[in-house]
Amino acid sequence: MPSGSQFVKAMRLGVATAALTASVGMAQDAIKIGVLEDQSGDFAAATMVKVNAITLAAEEINAAGGIGGRPIELVVYDTQSDNTRYQEFMRRVLQSDQVDVVFAGFSSASREAYRPIVNQFDGLAFYNNQYEGGVCDANMIVTGAVPEQQFSTLIPWMMEKYGKNVYTLAADYNFGQISAEWVRQIVEENGGTMVGEEFIPLGVSQFGQSIQNIQAAKPGFVVTLLVGAAQASYYEQAAAANVNLPMASSVNVGQGYEHKRFTPPSLKDMYVTTNFIEEVDTPAAKAFVEKFRARFPDEPYINQEAANSYIAMNLYKLMVERAGSTDHAALRAEIAKGDVCFDGPSGKVCLDPKSQHMSHTIFLAKVEADHSISFPTVWENIAPYWLGEAGCDLTKNDPSAQYTPSSPPPQE
Amino acid sequence: MLSTMFSFLFQFGDAFAFLVIASMGLAIIFGMMGVINLAHGEFIMCGAYTTVSLAQMGLPLPLAILGGSLVAGVIGMVLERTIIRHLYHRPLDSIVATWGLSMIATQGVLIVLGSTMQGVGTPLGSFTVGGFSYSTYRVVLMGIAVLLLVGLYLLFYHTRAGVIARATIQLPRMAQATGVDTGKVYTLTFGLGAALAGLAGGLYAPTMTLVPTMGATFMVESFVTVVIGGGDIFLGAAPAAAILAVIRSGMTAWQGQLFGQIGLLITVIIVIRLLPGGLSGWILGGRK
């Protein structure tokens, strides 16, 4: 799609900048933070809230005196759910806007589209999304959850409860393919069988045949790794055809709040591992939801990515204040100490020096028949251990690569 | 065995219904009138949003769907009068203008109504054949697809209005000479196309995610059907939908959704290469 939302972008940018700089006077020594998120297009439903979360954090930090006395200035662009826009705007924020750090990306395709540009200009980018894992890149800090946090917990739990026959329905791009690989491996390790695996091109909205394939394969549960608004039509169609199988996912509910958008009981027995959703019943989560709603009363849903974006802002503040500079090497030296932690909406989280990924407390969210959420179990403080164990160590070298279980880091 | 047969038949019918319902509006606006309208998906979105809003206000679903179709049709007529009409002989300009309309509509809905809207849920429940369960609403959609084809055929070939519409589009000057208000006919025909697009949105609204970009998911299928069908919607689009439905459901059953889409697109390439006038061009050509 062409740049249809120039107006909104300009408007938001203007409002954000005005609001943020007015209170602190001259923006001359401001810390500039680039924000590239989808505010229109297929992913907008899940990602518009991230911009608001970043705005909320920036306003809080500025009200409390900024980062080490310097105010935050946000440079916000709408990437329109379009990978090409990510590349354009990433060049723009790094080259002409000269931002100190960038918060960018929803889909893994977009991340992989902009990552080479961050490397080229030696920028620093926060990716605040759960994803398929494996990015070992010193220019990236990842606050989203990864498979060892979401699948190593979820899949064995589901197999114990619903049997060992598993069917995966996944979006057909790097996220879905690599996540499905993780699921396959964990199912095999636990003595289960993959009775089916189907990859759905992004944008597909008709699932008649897939529903039949699933019924024919008779799995104990279905792993749904569907992405984008079009693919979310699966739940309604499966419910209408009375498939009635439990579902497991790392992306649904926690990102696209499908339980709020669809009529009950189409998401009944959906199990999701997430580090935050607005239903989480801890004092920290409730306080976060409360102040978020106070600032953005019309926000449809405060999802996992909102919390991660908010946490990322605060982690960045902490790192800059400790290092006394926004210099990337100095910030990474702080991460290397292994004690960059923040106690936020999803509990205490820490950055792992080897992978620059974040530890998480993972909640198992279950969607009930009336689409209310219950939490059958919680896994505390799960480290993002896979990359480090597999041989990625960003404190020693920077391969700037993405690894998967079938293509791990080269062994020395 | 019987349940497998039924399963294939159901998938074929499901794909056929989707292709027919999604493409009828486009068949009239693009196939018949020759207007390139890149905002077609937004008529579909408009129908879906109106349908769901009306249903949430308490209107029974069938009436809400008709309402959605009506609103899309009226908007279509207004746009024809104000914008599209001036671009009938300027195809490149009409691409730019309708593209602009499409962006205004998508972004306008995003700003005004937000990124998503709660659905109404699929009515009518499900039934079971053999080991498989199916949504009853899908069968209703198949019936509606057939009724639509029959209804449009009767309208265009067996009513005075239909004859006038076809005459106006084929030979506008001649029609004008015989006293036809061609401007009005263009407006009404375009409105009918828009209303059918709105109907498609309304009919599929209960089964889909409601987002401002939802029209886009109909576009590939409907363009493919219309292109393969060629200029005449009944001689072309109906068999085109049937053939594409077989290819799509067959390939999807065999190798999954990706191959279903690949099959669809390869069919278009082959048909356009061999039959530049589409199926209807070939059928009519054979008659001469």
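This is a predicted model: local features need pLDDT of at least 70, side-chain atom pairs count only at pLDDT 80 or more; totals for chains, interfaces and linings use all residues.
1. A disulfide is a pair of cysteine sulfur atoms within 2.5 Å. By this rule, the count over all chains is two disulfides. In chain A the disulfides follow the pattern 1-4, 2-3, with bonded cysteines counted along the chain.

2. Residues are numbered from 1 along each chain as its sequence is written, chains are lettered from A in the order in which they are written, and side-chain values use heavy atoms, leaving out hydrogens and water.

3. Start with A:Cys136 and A:Cys392, which form a disulfide with their sulfur atoms 2.1 Å apart. The torsion about the S-S bond of this pair is about 85°, so the disulfide is right-handed. The pair links distant parts of the chain, 256 residues apart: A:Cys136 sits in strand β5 (residues 135–136) and A:Cys392 in the loop between α14 (385–390) and β16 (401–402) of chain A. Helices (H or I, at least four residues) and strands (E, at least two) are DSSP runs, numbered from the N terminus. Both A:Cys136 and A:Cys392 are buried, where buried means under 20% relative accessible area, exposed over 50%, and partly exposed in between (1.4 Å probe, protein chains only).

4. Next come A:Cys341 and A:Cys350, which form a disulfide with their sulfur atoms 2.0 Å apart. This link is right-handed, with 105° about the S-S bond. A:Cys350 counts as partly exposed because its relative accessibility is 21%. In chain B, B:Cys46 counts as buried, at 15% relative accessibility.

5. Now turn to where the chains meet. The contact (heavy atoms within 4.5 Å) takes 44 residues from chain A and 40 residues from chain B. About 3,200 Å² is buried between chain A and chain B, and carbon and sulfur atoms give 55% of this. Buried area here is the accessible area (1.4 Å probe) that two parts lose on being put together, summed over both. In chain A, the residues that lose the most area to chain B are A:Gln206, A:Gln209 and A:Gln212, together 20% of what that side buries.

6. What kind of links join the chains? Between chain A and chain B there are zero salt bridges, a salt bridge being a side-chain nitrogen of Lys or Arg within 4 Å of a carboxyl oxygen of Asp or Glu.
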